There are 4 protein chains.
Amino acid sequence: MIPRYSRAEMVNIWSPETKFRIWFDIEAHACDAQADLGVIPRENAQAVWKAKDVEFDVARIDEIEAVTKHDVIAFLTHLAEIVGETEARFVHQGMTSSDVLDTTFNVQLVRAADILLADMDGLLAALKRRAYEHKMTVRIGRSHGIHAEPTTMGLTFARFYAEMERNKRRLEIARDEIATGAISGAVGTFANIDPAVEAHVCDKLGLAPEPISTQVIPRDRHAAFFAALGVVASSIENVATEIRHMQRTEVLEAEEFFSAGQKGSSAMPHKRNPVLTENLTGLARLVRMAVVPAMENVALWHERDISHSSVERNIGPDATITLDFALARLTSVIDKLVVYPDNMLANMNKFRGLVMSQRVLLALTQAGVSREDSYKLVQRNAMKVWEEGKDFKTELLADTDVLAALNPDEIEEKFDLGYHTKHVDTIFERVFGEKPPA
Amino acid sequence: MIPRYSRAEMVNIWSPETKFRIWFDIEAHACDAQADLGVIPRENAQAVWKAKDVEFDVARIDEIEAVTKHDVIAFLTHLAEIVGETEARFVHQGMTSSDVLDTTFNVQLVRAADILLADMDGLLAALKRRAYEHKMTVRIGRSHGIHAEPTTMGLTFARFYAEMERNKRRLEIARDEIATGAISGAVGTFANIDPAVEAHVCDKLGLAPEPISTQVIPRDRHAAFFAALGVVASSIENVATEIRHMQRTEVLEAEEFFSAGQKGSSAMPHKRNPVLTENLTGLARLVRMAVVPAMENVALWHERDISHSSVERNIGPDATITLDFALARLTSVIDKLVVYPDNMLANMNKFRGLVMSQRVLLALTQAGVSREDSYKLVQRNAMKVWEEGKDFKTELLADTDVLAALNPDEIEEKFDLGYHTKHVDTIFERVFGEKPPA
Amino acid sequence: MIPRYSRAEMVNIWSPETKFRIWFDIEAHACDAQADLGVIPRENAQAVWKAKDVEFDVARIDEIEAVTKHDVIAFLTHLAEIVGETEARFVHQGMTSSDVLDTTFNVQLVRAADILLADMDGLLAALKRRAYEHKMTVRIGRSHGIHAEPTTMGLTFARFYAEMERNKRRLEIARDEIATGAISGAVGTFANIDPAVEAHVCDKLGLAPEPISTQVIPRDRHAAFFAALGVVASSIENVATEIRHMQRTEVLEAEEFFSAGQKGSSAMPHKRNPVLTENLTGLARLVRMAVVPAMENVALWHERDISHSSVERNIGPDATITLDFALARLTSVIDKLVVYPDNMLANMNKFRGLVMSQRVLLALTQAGVSREDSYKLVQRNAMKVWEEGKDFKTELLADTDVLAALNPDEIEEKFDLGYHTKHVDTIFERVFGEKPPA
Amino acid sequence: MIPRYSRAEMVNIWSPETKFRIWFDIEAHACDAQADLGVIPRENAQAVWKAKDVEFDVARIDEIEAVTKHDVIAFLTHLAEIVGETEARFVHQGMTSSDVLDTTFNVQLVRAADILLADMDGLLAALKRRAYEHKMTVRIGRSHGIHAEPTTMGLTFARFYAEMERNKRRLEIARDEIATGAISGAVGTFANIDPAVEAHVCDKLGLAPEPISTQVIPRDRHAAFFAALGVVASSIENVATEIRHMQRTEVLEAEEFFSAGQKGSSAMPHKRNPVLTENLTGLARLVRMAVVPAMENVALWHERDISHSSVERNIGPDATITLDFALARLTSVIDKLVVYPDNMLANMNKFRGLVMSQRVLLALTQAGVSREDSYKLVQRNAMKVWEEGKDFKTELLADTDVLAALNPDEIEEKFDLGYHTKHVDTIFERVFGEKPPA
């Protein structure tokens, strides 16, 4: 939640001003519902709305809280200063502080989720654009950090798109998880307040009434919410790790955008460090660290204890602000990523055709050579490339045992890149749901 | 994954026998699809099914693996021993080990999820039964471990029901998350194998094809899966904590079932310890500890590295087996929980009516006393109860300032328990979706 | 790191002002050492000290950083504005930003550790005082939340003392872990700067030179540091949990101090909630959540990547500020804890002597009854107490089988509380290292 | 704790046989002490030792436990079967099950720590050997994955050595943390057993008596123990990550040893994957995941609850067995690591001298050019290398502005590798405490 990694819109959700405004909305709507029920006079309910456009004096509320040591009472006292003590005397009637605090927290989390969902849309758009841009930009696929077979940069972007689309769905579910409110009284029995009040307030705030609450909304919802953020963060780390690898000196298949005035290092001017994606790696850890405490918060004593509160005062803002910042930063990185197709080709050819060994192996098998023998034929030629710097295709064309199974044209064909990209359009269709132009 | 906390059905999912059977299914179905495509001869595809009902020799496969140091090759070698080397020579053609391993892992997780879902149904049934049984069994609600207002034991069971129903939904989503398969080759391009093979195999195994894979299925899916287990475990801890509190000597509102022959302690025969729910508290930690490593597994290098594998070999079985055991144990605890309604009433009356102070406060406010003054009136009588052991109602009836606002009948009415239970049916309807009999 | 849970002294360690002051100290001392070596002119080294008592303009540095996008360069530019561009031109020569940043971070952590150690001394003093105060205040010991045998409140305080003394030792070790500095250049080879500079700067800052660094100080040190904080936090949770249990309505053996003006709840004036210890439970989770990211920070790429930085910018201040606050809060809670010895006795007698069953069991065994038979004798009388509300001693005195083994005086003696407290002094001596007065 | 990642010696520590043997030792030594005190007859104490060399029948004990549902009673019953019921009737007198269980657990952890310490010695020896072997093998140092300045492979090994030496110290401290035993009775008051028994048993088992215990040994000790394992694991990940990077195709500065018969992949015979270090990365996560639950175990209710037990039954064996395996595997990897000095040189020269830019920058500054101007001079030549493939030294020698400050010899000298290795011996001396031969 440090300013360095924060954006204003998300930070504002967690400001005292926003919090008090939501408190007010809950109290005022509750008064309306109480008036509808005939529990309190209509004019008192109406009077509360006098504070609708008044800016609350946060310092004044803090001052009162310093005396009363109770935040909701402090707010209500300040509200009465605005509305008038007599007019305000029915405010909060039948309610418990937690009715206000818990419902407010969920409103904040819902709004945070909405920002994160918008962030995600931005990221998806950037990934999709770059995916199509580099749909056929061939690069080497790697397993274990070792060259395997060709793939394309577009497929890399496309798989991040698919992963983030799943994350968008997870965020939507997470939003649903915490889009509930509760105004059910001290232990959740509605003893002092009619369920109709809860229904009215929730309706106005865009929440569903919590089917059964205690003094608080059950914390399994929040655990699921923060767990979802943790998964999203882990995916951010995944994308960041890919880019960090691509930018390392020996690979250099892509670079984070490097503005003209920016200095990479005080000492080594040629260095262009992937600091944004390294930073994202760290931010992912920060978001993720909220998951376990959120889960530890679930087991409250009886109808509630307040151990969860200090945790949520921190992870509520911290995890959402950090994730918002990280999604925005990643979107910018993807958007501006400098891709080097030539280096991709150069890297792929580093071992002079060796990456085609799988195809050759398969061809030999299909030509009737046993799998064990095929393996040995491929291996002995591959080792010459690996150890003596030979060219794989040349070696194969000179290996009489190989030639006994495959003719030179067949061998040549195994080195055609088109073989590896022939299903890219199919995959794109699966990911983006769009058929390529005929 | 120690036997003490394991149940056979779930353990079997993770046995070598089950694993090899799934491997076989994948390979055999893949051969069929390859034959459909004309890539391999039909008779070779058919020959593979000779192994359909043959029990694989795990020791033999281990023996081969000790030499080849590659588990899939070891299995394929053994399969060839059964099917015949010539007949088996097209098995696995165009595939990568991970096609088999990753798809298998997901099949196992899906089956595990199915067991967990069945477990959850059992738990929900037990909770619902006990909820209705104790719908109107009054007990004191507590916040901060301190008496607040009356609630009912049925509401306690009902809120656990609602929480577990949410968890069921989370498990269903988690199941969907990992119900995918991939047969897409070394880097996910389908270069050596047609997407139709993947489609056929997935269809046969009850999976959806992974829209875009690399050498592996993306691990954000698994992170989401284990995160869901972690939330469920946290809810188990929540229920367990409630029961542990109810059983403590000074509370004694309920006890875990205590069989006649069971000894609580070698030294203190009167002790009946809530060891099952304490155990569940620990098991919850065990399930939860899988969450972070599962999230750390997401960021694989390029098209895959194998760092996730050792993690999953452990947390795959451990987290599902432990959660299965915990759900079953909790179901049994709930089912047999000995509830003591008399003790509940005795506890509630410990402070001689003080728990009704909220009602009195509200009544005073409604009678026109200012909130501050009402608070003071209630507080001064409450303190006599607290500090001098007086009876709250008696004190109120003797307080002229109180009597100035409320008449004795009104005061009496504040101590009626029916006031607190009047919305229990409404809440039950919200939770169980059933109207109470008219 | 929210103000609510912060104390000024610890917050100040993490202010920009403190950071820049440490940066300055490092740069200025480094210049001295460079002058000693003859690498830079003495007068330039001396000139830097002109900024010794000048307050750095944080806003100005931020302004420069907004342009250069490099914090150390921004600071150096500002420093040159104070010292004079010409005079300052040798500042930072041969150094890398990380030499400054990493050494500074460790200085901050060392100072934070010093505050935590002082906090711990305060807590230990409070625990010791309360331990001696209640050395012989008998209360029931409980296992599984169930009454076991008598112990004393002093022993409870004493064991927390012993635990916190271990934590003090852990904090001392943690302080040592991070009391190192490094000025070793871009990759730790001292290529551009003599090791003597590092030695001089570290000496002045109270650090040991890191024996071998890269661009950064190795992060296993920081992982160990934050892990130690996590253990301390867990012990705080342990103490907090004990107090929360003691304060719950049915137990009420102690209460957090409750100031006259404080309102426990807006609705239930009689409630005195253990909100401080509940809060400490949550704060413990917050401190603990730094442990895993600190461990994830250890594996940096090659000679460093910067993924750790964003993590540390958060957990550095957050974990130390929160732990400082928590230790101070716990000290205050212990210091002022209201202990109710009468309630302790009342609770102990709840089951009319049953807690002495272990002694009776042992006496029967020693009198020659087999363990199995003794167990049965005790059990059958215990069950009458448990189920029928009888008095244990009375029942034993009426059981002829028991009387066959023990005479009435022997039975009476088993109910003497002195039996349970006879080794309290011995234990106190082990814990506090002091013999009781003769 | 799966066999794949286990070694026999560590596994044996956690076998039922070992556990029962330790139980026996505790009971038998306790009997001796009780006889010394005159509490039980000497002959009964001596009789117990009849079981000294008898192998306990684990199946029989399990059978009894199935009836009694109490493991210690089951063991004692079996012991009586061996020793004779009459002779054995004083065994366990005055003790509580936890006296046996907790002390045993600590004995197991101490033994585990001893193995881990021996493992660490092996790892340190391998690292030291390789460090000296490659003390002057120059490679490029990298920050952010980007080339920085030259360093040596020996320094890389040396810093891992220093890190692991710190870890050894942490393991030693961790061993001390849990090298305590407790025989203090049901709630730790020694009411039924003299402290002398504890003293005697602990002495015989190589433990210190726990200064103050409850029914159990305080769990902050175990939290600290597992936290230390987590730090060690994180360092293993650190070393593993370095090797994985070195082995990636584009870098190829080292490879894990690749045995002749081993197949890297079923499809790509040329691939040599760093599977051991990838595996170590995953194993590190597994060890680390024990840390948080171990910390959650600290806060037990009152004098004990048993929530920690199921956690420890898992993480006790799992974390120690996994870490033992990981340390051994890492030792083997280090021992046999194939290092490619030629590739190191080739990589370093990839950018034609650019890595020397820091030296040139410094030289320009020292020659009187302002820092800003020096930076610009270096930058403009560096960009030609970066963007146009020029050679850095050649460009500098052709830059008249550079030549105005530095003569050609001075420029040449900046490209001397000896400049970067001149302090390697100093650092080795700091790490290994040995002066290089004169």
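By what turn and what shift along the axis can chain D be laid on chain C? The legends below take up this question first. The model is predicted.

**View 1. Chain D laid on chain C.** A turn of 180° does it, with a shift of 0.0 Å along the axis. The RMSD is 0.0 Å. The two copies are thus related as by a two-fold rotation axis. In chain D, D:Ala227 has the C-alpha nearest that axis, at 3.0 Å. Of the interface residues of chain D, 100% are also interface residues in chain C, so the copies meet through the same surface.

**View 2. The contact between chain D and chain B.** Chain D brings 38 residues to this contact, and chain B brings 38 residues. On the side of chain D that touches chain B, four helices of chain D each give two or more residues: H5 (71-83), H10 (275-288), H11 (291-296) and H12 (307-336). H10(D) gives the most, with 8 residues. By residue type, this side of chain D holds 16 nonpolar, 14 polar and 8 charged residues.

**View 3. A hairpin in chain D.** Strands E1(D) and E2(D) form a hairpin, with 2 residues between them. E1 of chain D covers residues 138-143, and E2 of chain D covers residues 146-152. The two strands pair in the antiparallel sense, over 5 bridges. One bridge joins D:Arg139 to D:Thr151 in E2(D). In the turn, D:His144 has a positive phi of about 60°.

**View 4. Strand E2 of chain D.** This strand is mostly covered. Of its 7 residues, 7 are buried. D:Thr151, the bridge partner of D:Arg139, lies in this strand.

Conventions: Residues numbered from 1 in each chain as written. Chains lettered and ligands numbered in written order. Predicted model: local features only at pLDDT ≥ 70, side-chain atom pairs only at ≥ 80, totals over all residues. Buried ≥ 20, exposed ≤ 12 C-beta atoms within 10 Å, placed from the backbone. Pairing = 2+ DSSP bridges. Contact = placed C-beta atoms within 7 Å. Nonpolar A, V, L, I, M, F, W, Y, C, P; charged D, E, K, R; others polar. Least-squares fit on C-alpha atoms with pLDDT ≥ 70 in both.
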